[in-house]
Amino acid sequence: YKGDPTHLEIRKMLDGIHVEEIMSVPAVLDEKASVYDGICAVFLENIGTIFITRQGFLVGCVSRKDLLRSAIGQVDLEKTPLSMIMTRMPNIISIGPKDSVYTAAQAIDQWEIDALPVVVGEEQLKVVGRLTKTNINRLVVELGGDDES
Ligand code: ADP
């Protein structure tokens with residue numbers, strides 16, 4: 001599609017849409033919450049990735065597969081804290097609310113992950129949103145749709 005004359009226009013449009021315009025409400029649990037709590041949250045909130053905080057600041061994230069891995073292991077799910085199974089800082093890929101949708105889509109593609117925490121702050125990061133493949137997909141449907149959709 002690179003040679004297509006509309007390519008630059010599409011890129012310009014995606015650069016002009018901010019993450020905060022299409023992000024969702026994040027699912028956040030404290031690092032002391034259990035793996036069992038995490039599994040419940042995935043079902044109740046119908047999400048795939050939970051962001052993990054300590055004293056309200058981002059310290060990690062837990063994906064569906066992280067939860068599945070511990071569920072098939074020999075551990076007490078109610079006694080195992082999410083901090084034991086999470087992917088932790090500084091390895092968390094995040095995005096800012098004012099970053100472009102294109103930057104977010106690139107990060108999701110490059111790191112092969114489903115979700116990015118949308119964060120504000122310098123060293124201590126507050127989670128203000130969640131940007132997932134679903135948000136990007138919804139945007140594509142919206143951009144491609146006619147007036148009635
Ligand atoms: P799943 O594991 O359910 O397929 P992902 O592909 O998003 O979901 O996650 C793959 C791995 O990457 C997991 O171990 C997860 O903890 C980690 N991960 C998920 N999101 C992020 C992120 N934003 N930054 C860093 N690591 C992440």
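**Packing, sheets and ligand shell of the predicted chain**

Ala41 touches Ala27, Leu29 and Ile50, leaving aside residues up to four places away in sequence; two residues are in contact if their C-beta atoms, placed from the backbone, lie within 7 Å. The model is a predicted one: local features require pLDDT of at least 70, side-chain atom pairs count only at pLDDT 80 or more, and totals for chains, interfaces and linings use all residues. Residue numbers start from 1 along each chain as its sequence is written.

Ala41 is found in helix 3 (residues 35-44). Helices (H or I, at least four residues) and strands (E, at least two) are DSSP runs, numbered from the N terminus. Ala41 is partly exposed, because 19 other C-beta atoms lie within 10 Å. The cut-offs are 20 or more other C-beta atoms within 10 Å for buried, 12 or fewer for exposed, and anything in between for partly exposed, with C-beta atoms placed from the backbone. Thr6 stands 35 residues from Ala41 along the chain, and their C-alpha atoms are separated by 42 Å.

The chain has 6 helices and 6 strands. From the N terminus on, the elements run α-α-β-α-β-β-α-β-α-β-β-α. Along the principal axes, the C-alpha atoms fill a box of roughly 55 × 35 × 30 Å. Of the 149 residues, 23% count as buried. Contacts between residues at least 6 apart in sequence were also sorted by separation: 61% of them join residues at least 24 apart.

An open sheet is formed by 4 strands in the order 1-2-3-4, with mixed pairing. Two strands pair if DSSP finds at least two bridges between them. Strand 2 (residues 49-54) and strand 3 pair in the antiparallel sense over 6 bridges. Within this pairing, Ile50 has Val62 of strand 3 as its bridge partner.

Leu58 lies in strand 3. Leu58 is buried, because 22 other C-beta atoms lie within 10 Å. Not counting residues up to four places away in sequence, Leu58 touches Phe51, Thr53, Met89, Ile92, Pro117, Val119, Leu125 and Val127. Gly48 is 10 residues from Leu58 in sequence and 17 Å away in space, C-alpha to C-alpha.

Strand 5 is mostly covered, with 5 of its 6 residues buried. Strand 5 runs antiparallel to strand 6 (residues 126-132), and 6 bridges join the two. Val118 has Gly129 in strand 6 as its bridge partner. The hairpin of strand 5 and strand 6 has 5 residues between the strands, and in this hairpin Gly121 takes a positive phi near 120°.

Helix 6 (residues 133-144) has 12 residues, which should span 16 Å at 1.5 Å a residue. The expected span is 1.5 Å times one less than the number of residues. The end C-alpha atoms of helix 6 are 17 Å apart, which agrees. Of the 12 residues of helix 6, the number buried is 1, so the helix lies largely in the open.

The ligand has 16 residues around it, of which Ser63, Arg64, Lys65, Thr87 and Asp114 come nearest. A residue is near a molecule if its C-beta atom, placed from the backbone, lies within 6 Å of it. Strand 3 (57-63), helix 4 (64-71) and strand 5 (115-120) each supply at least two residues of this shell. By class, the shell has 7 nonpolar, 5 polar and 4 charged residues. Ala, Val, Leu, Ile, Met, Phe, Trp, Tyr, Cys and Pro count as nonpolar, Asp, Glu, Lys and Arg as charged, and the others, Gly among them, as polar.
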